[in-house]
Amino acid sequence: MLSAAIQILAFALALLGVLGATVATLLPNWKVSVNGWSSIMTPISQMQGLWMDCVWYSSGVFSCTMKNSVLSLPAYLQTTRAAMVLSCMVASFGLCLASLGLKCTRWGGSHRAKGHTAIAAGGCFILASFLCLVPASWFTKEVITTFLTTDLPDSFKYQPGGALCITFISAGFLLAGGVIFCLSCPGKRTTRTDYASPVDPDRFLLYQEEQRRRELQTECKHLKNRQNKTVQLQMDEVKQEEPPQEKPAQDQKQKIYSSPSKLPPKDIKDSYSLQEYV
């Protein structure tokens, strides 16, 4: 899994992409017409956006008109509207998931759950970037085609505006952040606990608990071995002490029977019978 610093960088890129896509959706300068006139109240610039058409006059007056009729709009403009709104919603949802999947946050579950959440957030960012790129490319193609094919004077033709540039840049930020988050794969489960840095609190705590368990297990093994050794030593001492206690008893018996005054009764009778015979 990626480090916390790289994830924060990806989150910052995705946040810039969301803000840029939202601003571009609301801006009126998706296509711009620059007109130079000598009169004071003639328009200098005419702009058309997704939601409104604006005119900037040479006197400094700036007026806008909302596009109320949806059915009267061309197909590419309706598609661009829907795609940009959907892109902003998906990217916002991706930000919520990314905040849960960051390694530097304490919410979001375990280390493995955070990895899956980060991958889901990356997928949302990549989808949002494509929802920005496709309609913006279509809109740009229609504007350029109209500019090159119509026979109107150049003062009445439109060219791509600044909102399209912001849209492409925001899509790039979303795509970069999504790819980085998708690389946050938790990997396979292993019985071996890897070293965890203090930057990852959950993984560091799990590592400490695993180390304590191992230490307790080793201590228990040592105590059992010591107890077994002490019991074995006691048994050996008992076995060594028993034979010396039996030997003195045997020696005493031998001494008693070896003395002439304390012979066994059978021997005494034999001696008497011998005397009588003599």
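## Packing of α2 and α3

Axes are lines fitted to C-alpha atoms, for helices over the stretch in contact, and the angle between two of them is taken between N-to-C directions, from 0 to 180 degrees. On this basis, in what is a predicted model, helices α2 and α3 pack at an angle of about 160°, and their axes lie 8 Å apart. Angles over 145 degrees count as roughly antiparallel, and α2 and α3 are therefore roughly antiparallel to each other.

The crossing in which α2 passes α3 is left-handed. The contact of α2 with α3 comprises 25 nonpolar, six polar and two charged residues.

## Packing of α1 and α2

Helix α1 covers residues 4-26 and helix α2 covers residues 75-101; the two pack at an angle of about 155°, with 10 Å between their axes. The pair α1 and α2 is therefore roughly antiparallel, and the crossing of these two helices is left-handed.

On the α1 side, the contact is made by Q7, F11, A14, L15, V18, A21, T22 and T25. The residues contributed by α2 are M84, C88, A91, S92, L95, A98, S99 and G101. By class, this contact of α1 with α2 divides into ten nonpolar and six polar residues, with no charged residue.

## Packing of α3 and α4

Helix α4 spans residues 162-182 and packs against α3 at an angle of about 155°, the axes being 7 Å apart. Helices α3 and α4 are therefore roughly antiparallel to each other. Their crossing is left-handed. In the contact of α3 with α4 there are 17 nonpolar and eight polar residues, and no charged ones.

Strand β3 (residues 52-57) and strand β4 (residues 62-66) run antiparallel and are joined by five bridges.

Four residues lie between the strands of the hairpin of β3 and β4, where G60 adopts a positive phi near 100°.

## Aromatic pairs

A pair of aromatic rings is described by the distance of the centres and the angle of the planes. A search of the whole structure finds three aromatic pairs. One of them is formed by W30 and F139, with 5.3 Å from centre to centre and 70° between the planes, an edge-to-face arrangement. W30 belongs to the loop between α1 and β1 (31-34), whereas F139 belongs to helix α3 (residues 111-149), so the pair ties together parts that are 109 residues apart in sequence.

How values were computed
Residues are numbered from 1 along each chain as its sequence is written. This is a predicted model: local features need pLDDT of at least 70, side-chain atom pairs count only at pLDDT 80 or more; totals for chains, interfaces and linings use all residues. Side-chain values use heavy atoms; hydrogens and water are left out. Angles under 35 degrees count as roughly parallel, over 145 as roughly antiparallel, 65 to 115 as roughly perpendicular and the rest as oblique. A crossing is left-handed if the near helix is turned anticlockwise from the far one by less than a right angle, and right-handed if clockwise. Contact means heavy atoms within 4.5 Å. Ala, Val, Leu, Ile, Met, Phe, Trp, Tyr, Cys and Pro count as nonpolar, Asp, Glu, Lys and Arg as charged, and the others, Gly among them, as polar. Two strands pair if DSSP finds at least two bridges between them. Rings of Phe, Tyr and Trp (its six-membered ring) pair if their centres lie within 6.5 Å; planes under 30 degrees apart count as stacked, over 60 as edge-to-face and the rest as tilted.
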